[in-house]
Amino acid sequence: MVYTIGVNSRNINPSKNIAFRADEQEKKSMCENKDTLMYQEKKKHPVTTGLKIQTDKFVNAFTKYPEKGLKGSKNSNFYEFLTMGTVPYLVGSATLISVFNLASKFFDTPAAKSSAKLGQKMGLGVLFYGVAKTLSKKFIETPVNMKYGIDVNLPYKKVINELPEEGNKDNLVSYEYHKAYESVDFPRWDLFYNNKDFGNERNSYFYKVGKKLGMKDVDLEHADQKVKPVIKEKVVKTRLFSTLSSYLWAATSVGVAMQKPWEKLDINPVSRLLKANCVRAAREGGSEVAKHSSFIKDFATTLKDSCVEFVNGKNAKTNIAGRVILGAAIGMTLLGNFSTLFDFNKYKGNDAHASTSLIDDSKEKVVC
């Protein structure tokens with residue numbers, strides 16, 4: 001027996017149905033991914049973008065994130081915890097610099113002079129360490145990006161919808177800065193599809209990278225399938241060698257900072273310049289500005305002399321140690337560039353992974 005279901009047309013309200021669909025559409029749009037790559041070709045310079053990210057993370061590490069953690073906020077997360085790692089790093093660096101400089105006033109004159117010399121070299125060592133460790137990674141990352149268009153540090157802004165809590169009921173959105181290749185196993189591939197910064201097609205990014213990799217048969221429609229495994233391999237190699245070389249360059253820079261020529265450098269002109277009014281000094285003869293120019297020349301000369309002393313050494317032991325560390329840093333950088341930039345036609349065949357295929361097209365079976 002077939003039963004009919006009666007529908008009361010009076011219970012159907014078209015306006016309510018439309019409102020319901022609109023509400024559902026609004027909820028759907030709120031749940032859609034709004035994360036965006038912070039790289040727009042010909043619009044934003046990578047250096048400017050990087051400075052903006054680091055400034056925002058630095059300020060939040062000292063203000064917003066500690067406050068949320070101390071209050072026991074339910075929105076405090078692991079990203080914020082890692083970002084606050086900047087605080088002990090900077091505090092520890094400042095302590096290392098000041099441990100000899102601030103205590104010198106309690107020593108007698110000879111000890112105070114020795115303490116000041118050592119404190120000056122310790123401060124330079126901390127400064128050189130941070131600069132060398134950061135910039136030396138570019139020796140490998142930049143060539144890879146220039147040749148293949150693969151930026152291992154490509155940043156994106158992640159939108160976080162926070163849970164409502166006391167005192168935070170209106171602004172429930174925060175932002176985190178991550179890297180598209182932060183996870184090698186699960187990169188944010190979705191941010192590259194239909195990205196107008198790389199082209200008008202869905203796979204424009206992967207197609208361009210595939211062409212730069214030398215894949216002759218790469219096509220626009222299936223470019224992502226062929227290029228993704230190769231990008232992962234490049235990211236792993238680049239990150240490995242850039243990290244190893246950065247520590248070697250950092251050790252080299254600290255060694256240069258501990259050489260004897262730095263003891264003769266007078267840093268007082270710098271402190272005086274920071275306190276002086278440069279415009280007024282220029283009108284009065286420019287004495288402070290002249291001292292500043294002289295300091296730059298003296299600094300460059302001292303740096304050159306320190307590098308020479310680090311390589312040549314004071315005796316046979318320091319001679320060998322300096323050259324070994326410098327040679328290891330240069331060698332690791334060259335090895336990293338050689339390994340990441342030269343593929344020996346590995347990807348230029350008919351298929352990047354044809355040799356590993358499990359399907360034999362000439363037979364109706366799977367080859368194990």
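Q: Which residue just after H8 takes a positive phi?
A: Gly214 does, with a phi of about 95°. Helices (H or I, at least four residues) and strands (E, at least two) are DSSP runs, numbered from the N terminus.

Q: What kind of model is this?
A: This is a predicted model, in which local features need pLDDT of at least 70 and side-chain atom pairs count only at pLDDT 80 or more, while totals for chains, interfaces and linings use all residues. Residues are numbered from 1 along each chain as its sequence is written, and side-chain values use heavy atoms, with hydrogens and water left out.

Q: Back to H8, which residues are buried there?
A: Ser204, Tyr205, Phe206, Val209, Gly210 and Leu213. Buried means under 20% relative accessible area, exposed over 50%, and partly exposed in between (1.4 Å probe, protein chains only).

Q: And what covers them?
A: The cover includes H7 and H9.

Q: How many residues has the largest nonpolar core?
A: It has 26, and Phe192, Phe206 and Ile231 have the most contacts inside it. A nonpolar core is a set of buried Ala, Val, Leu, Ile, Met, Phe, Trp, Tyr and Cys residues joined through side-chain atoms within 4.5 Å.

Q: Which helices supply it?
A: Helix H7 (138–148), helix H8 (204–213) and helix H9 (223–257) each supply at least two residues. The largest share, 5 residues, comes from H9.

Q: What is Phe192 in contact with?
A: Leaving aside neighbours within four places in sequence, Phe192 is in contact with Leu37, Leu154, Ala180, Tyr181, Phe198, Arg202, Tyr205 and Phe206. Contact means heavy atoms within 4.5 Å.

Q: New topic: at what angle do H2 and H5 pack?
A: Helix H2 (residues 46–62) and helix H5 (residues 86–101) pack at about 85°, with their axes 9 Å apart. Axes are lines fitted to C-alpha atoms, for helices over the stretch in contact, and angles run from 0 to 180 degrees between N-to-C directions.

Q: Which residues meet there?
A: Phe58, Ala61 and Phe62 in H2 meet Thr86, Val87 and Leu90 in H5.

Q: And the sheet, what is its strand order?
A: The open sheet of 3 strands runs E1-E2-E3, with antiparallel pairing. Two strands pair if DSSP finds at least two bridges between them.

Q: Which strands stand at the edges?
A: Strand E1 (36–37) and strand E3 (173–179) each have a single partner strand, so one side of each is left without a neighbour in the sheet.

Q: What is the bridge partner of Thr36?
A: Lys157, in E2. E1 and strand E2 (residues 155–161) pair over 2 bridges.
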